[in-house]
Amino acid sequence: MIARLDRMLGATMGAMQWLALPLVLLLFLQWPLRDLVRCCSREANDLGQIFFALFVAASITAATRAGTHLAADALAQHYSPRIRHMLRKAGALFGLVPWAAFVLVASKPTVLSSVAAFEAFPDTANPGYFLIKLAVWVMALMVLAQTLVLVAQPMPQDDV
Amino acid sequence: MEWTGVVLLVLVGAGIAGTGLPAAVVLITAATLGALLGVASGTIPPAVLSALPGRLINLFENDLLQALPLYVTMGLLLDRLPVADALYRACNSLLPRSSGAPLASGMVLGALLGPMNGSVGASVLGLSRVMSPRLSADGVPAATRDAAVAVASTLGVLVPPSLVLILLSDAMLSAHTVAVTQTGRSDRVINTQDIFHAALVPAGICFVVCVVIAWIVGSRIKRSHSAASVNWQQGLLAGFSLAALLLLLGGVAAGYFYAVEAAAMGATALLLAGFVSRRLTFPVLRSLLHDVMAITGALFFLLVAATTFTLVLRLLGIDHLVDNLVGGIPGGDAGAVAVVLAVVGMCAFVLDAFEIIFVIVPILIPPLLVRVADARWVSVLLLLTLQSSFLLPPFGYALMMVRGAAKDPSPFRPFVRALMPFLAAQWLLLAAVLAIPALVHVGERASDLTRTPEKALTPEEIDRQLRDMVPLPELEPPR
């Protein structure tokens with residue numbers, strides 16, 4: 001079950017990382033569309049915002065899996081693998097799980113009403129704004145799923 | 001409960017330094033603890049915490065934050081394409097033949113690539129890879145080599161439009177908005193462009209001074225090998241890259257396009273260069289995008305965690321406490337700024353620039369700006385403090401990164417000795433900007449002013465300022 005969840009998260013990250021390419025392209029196109037073509041730059045910006053929201057929502061879990069989160073390792077590198085594993089579990093259980101659960105519950109009315117109405121961008125009336133609000137749920141759900149994978153990992157043996 | 005916020009801040013510092021957990025996890029855990037304490041004691045009404053999702057949605061739709069993945073993409077592409085190496089070799093061969101040229105070239109490379117690399121950590125890794133082997137081959141001692149890489153890596157903090165500068169601009173905009181609202185002043189709230197312009201002169205001075213010091217230090221070294229040569233392809237690549245970089249940096253500084261657009265242009269150009277040169281094969285691209293996502297996620301999670309943490313601190317009433325503390329600092333504007341900068345400098349022992357910008361700036365800077373109206377001056381002083389604190393022995397972030405990245409790190413004492421001339425120059429510059437605020441207002445027009453004039457303007461002055469802001473069309477010559 002946990003292994004399947006782990007594989008599913010890996011596959012999702014692998015697919016969502018490609019959003020970076022259209023994001024770069026759309027944000028680049030804003031300038032020529034605005035100053036040269038004089039058309040559709042707002043549409044490029046809105047679409048770029050949707051890609052950005054979904055990309056960064058998934059990127060947090062990608063960073064956890066890749067181990068790139070900013071951390072000061074000067075003292076902790078001297079700790080045993082068991083201690084480090086326990087610290088990671090404590091951070092996940094007492095920090096990430098309650099936080100992600102709270103975000104899911106507290107944002108429920110906002111996200112559900114936005115999705116139900118297919119909310120459009122307020123400034124341009126372009127469709128798809130609800131996806132930005134939905135990205136908050138994507139982020140929280142992925143953080144929860146990755147935390148489950150971490151908590152289920154077996155305790156490592158100390159190298160003594 | 002105001003002091004609970006301070007205790008939480010100390011806990012965060014201790015947690016980051018002592019547990020080795022990601023800073024974002026420590027911040028979220030501290031926020032959870034603070035929220036529980038606040039709700040249990042009745043200080044925080046539970047309903048108020050539901051403001052959090054709204055704040056998170058604001059992050060997802062923030063235009064400026066779109067720069068994050070773009071800068072990360074650029075930095076990683078620069079690392080994978082031979083641009084940095086070509087720039088370093090070309091600069092080395094253009095400078096007069098001297099032992100000082102390799103170190104000075106390293107500084108130039110740091111200033112050019114630093115703003116694109118995203119963070120000090122990324123700059124250290126990139127510059128270590130390009131500079132260290134070349135300097136080593138040129139007979140530069142390990143201590144001087146490591147010091148040069150550390151200093152060059154921090155030049156990007158100050159040179160517009162670096163990611164640090166963009167994110168600080170966003171934080172300063174919020175802080176200034178709070179201060180202007182609270183005081184009722186009719187100042188214009190500063191924006192990214194204001195801070196770019198304000199940083200230009202101090203950044204230029206810092207760059208020139210570092211290059212000169214590197215040249216002098218390098219000139220005293222007996223070289224054991226000839227300089228790395230540059231072939232025509234590398235020269236062409238360096239020339240094209242330099243032109244593109246200067247075009248982007250200049251375009252943003254001059255206001256022709258936004259920082260996000262410039263970053264997107266740079267990333268698109270580098271992607272195209274990678275495809276055309278066939279260096280960006282499918283496996284390389286996939287690995288690049290994996291890294292882009294992982295590094296972007298690290299920065300964004302920090303921002304999400306800091307947003308959660310600062311919300312809880314505010315609800316616990318830390319704003320009032322900091323307001324009173326900053327308001328009670330003696331010594332006028334300069335005294336208040338100096339004390340706040342010292343606190344920021346101390347935070348830099350355990351926090352990265354991004355952590356300081358996301359966590360410390362929103363708490364400390366609004367009350368400072370209530371007292372000190374010149375937001376441009378405060379912004380540049382903050383940047384200089386951040387830059388200098390990265391190099392502060394023994395725990396400066398850049399120092400630790402350089403020593404971690406080096407294959408055989410130099411002994412600590414010679415390393416610190418090699419750093420001292422650069423550090424002394426940065427402190428002098430910091431003192432100069434603190435003493436002479438005009439350094440951040442060079443070339444400022446009336447339309448750029450953010451502060452309300454202290455004395456009433458004459459009708460002629462108002463007329464002149466209006467003409468500056470809205471240039472009148474040329475009159476047609478009489479026929």
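**How chains A and B meet**

Let's start where the two chains touch: 57 residues of chain A are in contact with 61 residues of chain B, contact meaning heavy atoms within 4.5 Å. This is a predicted model, in which local features need pLDDT of at least 70 and side-chain atom pairs count only at pLDDT 80 or more, while totals for chains, interfaces and linings use all residues. Residues are numbered from 1 along each chain as its sequence is written, chains are lettered from A in the order in which they are written, and side-chain values use heavy atoms, with hydrogens and water left out.

The area buried between the chains (accessible area, 1.4 Å probe, lost on being put together and summed over both) is about 4,900 Å², with carbon and sulfur atoms giving 77%. On the chain A side, A:Phe52, A:Leu70 and A:Trp99 lose the most area to chain B, together 15% of what that side buries.

There is one salt bridge between the chains, where a side-chain nitrogen of Lys or Arg lies within 4 Å of a carboxyl oxygen of Asp or Glu. It joins B:Glu261 to A:Arg34, with the closest N and O atoms 2.5 Å apart.

Now look at the largest nonpolar core, which has 207 residues; such a core is a set of buried (under 20% relative accessible area, 1.4 Å probe, protein chains only) Ala, Val, Leu, Ile, Met, Phe, Trp, Tyr and Cys residues joined through side-chain atoms within 4.5 Å. Among those with the most contacts inside this core are A:Trp99, B:Phe300 and B:Ile365. Beyond four places away in sequence, B:Ile365 touches B:Met172, B:Ala175, B:Val340, B:Ile360, B:Val378 and B:Leu382.

Conventions
Buried < 20%, exposed > 50% of the residue type's maximum accessible area, 1.4 Å probe, protein only. Buried area = accessible area lost by both parts, 1.4 Å probe.
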